[in-house]
Amino acid sequence: MPTRTRSTRSPLRVGVIGTTAYAETHMRRVKEHPQAVLTAIAGRDRTRAEAVGATHHVPQVYAGYEELIGAGEVDALIVVAPDDLHEPIAIAAFGAGIHVLCEKPLASTPQAARRMMDAADASGLVNMSYFALRTSAHHRHLRQLVAEGLIGEVRTANFTLAHGFFRSPEYNWRFDASRGGGVVSDLGCYLFDLARWYVGEVRSVAAHGAGFVHRPHPDGTTYATADDSCVGALVFETGAHATFEVSVLSHIGAGAQRNTVHLQGETGRLELTHTFAGSELRYAPDDGGDFAVLDLPGDLAAPSGDAEFIDAVLADVQVLPRFADGWRVQQIVAAAEAAAHSNNWVDVKERTA
């Protein structure tokens with residue numbers, strides 16, 4: 001694959017693949033950056049793409065990623081497409097000398113994620129595996145406190161992420177096993193990324209998944225389905241262990257989505273609750289004292305992932321999490337899926353077939 005010198009063009013020309021509400025969030029963040037310009041977008045539905053392009057005043061609108069990449073009008077690309085399209089889009093972009101931010105999960109399989117990682121490394125371009133929870137100020141402060149040793153080495157943990165956005169019985173590619181990995185891939189990837197970030201590498205996984213909602217295919221064909229709810233456990237290389245729970249069928253209330261992270265260490269406990277309505281981080285020392293709510297430091301920086309990606313391209317530096325991190329998470333996703341199907345503990349390892 002050809003390599004090229006990273007662009008330090010300012011303003012940086014950014015394109016977005018995707019026209020969903022998630023893609024529009026990325027578009028707004030690009031437009032907020034003083035050294036970037038949203039140059040082009042692409043979507044399979046041309047009418048939808050043109051409408052979104054008009055809303056965000058995007059000068060170029062394409063019906064497919066091939067056209068956008070081939071036009072040579074962007075320096076960096078944000079991929080917000082279905083999981084099974086991440087690999088061909090990213091590899092084509094790297095081949096054209098374009099930096100890439102890819103929405104979670106990095107790919108639909110660990111093998112595809114590995115090919116994406118290898119292409120990124122060979123290109124020498126900036127690559128970001130985007131996990132939105134890492135950009136939260138409260139999640140960053142929690143990471144800082146763990147790294148500083150506030151609770152000592154983490155021994156046990158609990159991670160949950162739940163919302164009710166997909167309770168309806170409508171077909172959704174996320175729960176079509178040929179295209180998406182269901183809730184383990186869609187939400188579990190967030191938790192597995194946080195688990196690695198806060199505790200360390202995961203050694204093995206146990207899980208139980210279930211598909212509670214029937215979602216008929218639009219053309220009436222039968223298809224293999226993926227789970228919409230899953231619970232499980234993780235064992236880390238450090239010897240620590242954790243439980244996790246993910247669901248797209250939950251009733252959350254005003255917060256819309258709820259993520260919790262509970263970390264029990266040698267000398268204390270940290271608990272984070274994060275919703276769209278607000279977040280709270282609290283700490284209890286191991287001396288029998290009550291929990292205390294922790295305020296965010298005044299100097300804590302928590303820019304959007306899009307801003308960090310753009311800044312990294314302009315500064316000619318790599319950014320975290322990168323595709324290598326997305327690949328590691330994809331290995332845990334695959335192990336969790338295998339564990340759910342086998343009712344056994346499954347080791348996290350590279351899968352080549």
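**View 1. Arg 282 and Glu 271 meet in a salt bridge between their side chains, 2.9 Å from N to O.** A salt bridge here is a side-chain nitrogen of Lys or Arg within 4 Å of a carboxyl oxygen of Asp or Glu. The pair links distant parts of the chain, eleven residues apart, with Arg 282 in strand β13 (residues 278-285) and Glu 271 in strand β12 (residues 268-275). Strands (E, at least two residues) and helices (H or I, at least four residues) are DSSP runs, numbered from the N terminus. Arg 282 is partly exposed at 28% relative accessibility, while Glu 271 is buried at 11%. Buried means under 20% relative accessible area, exposed over 50%, and partly exposed in between, using a 1.4 Å probe and protein chains only. Please keep in mind that this is a predicted model, in which local features need pLDDT of at least 70 and side-chain atom pairs count only at pLDDT 80 or more, whereas totals for chains, interfaces and linings use all residues. Residues are numbered from 1 along each chain as its sequence is written, and side-chain values use heavy atoms, with hydrogens and water left out.

**View 2. Glu 271 also meets Arg 269 in a salt bridge, 2.6 Å from N to O.** Arg 269 is partly exposed, and its relative accessible area is 24%.

**View 3. Within helix α2, the side chains of Arg 46 and Glu 50 form a salt bridge of 3.0 Å, N to O.** The helix covers residues 46-55, and the two partners sit four residues apart, about one turn of the helix. Both ends are partly exposed: Arg 46 has a relative accessible area of 37%, and Glu 50 has 41%. Side chains of opposite charge can pair when their charged atoms come close.

**View 4. Lys 104, Arg 174 and Asp 186 are linked in a network of salt bridges.** For the whole model, the salt-bridge count comes to 20.

**View 5. Tyr 22, Phe 165 and Phe 276 form a nonpolar patch on the surface.** Together they have about 340 Å² of accessible area, computed by the Shrake-Rupley method with a 1.4 Å probe; for residues, only the protein chains shown count as cover. Patches are made of residues with over 30% relative accessible area and no salt bridge, joining like charges within 9 Å and nonpolar side chains (Val, Leu, Ile, Met, Phe, Trp, Tyr) within 5 Å. Phe 165 lies in the loop between β7 (154-163) and α7 (182-186), and is partly exposed with a relative accessible area of 39%.
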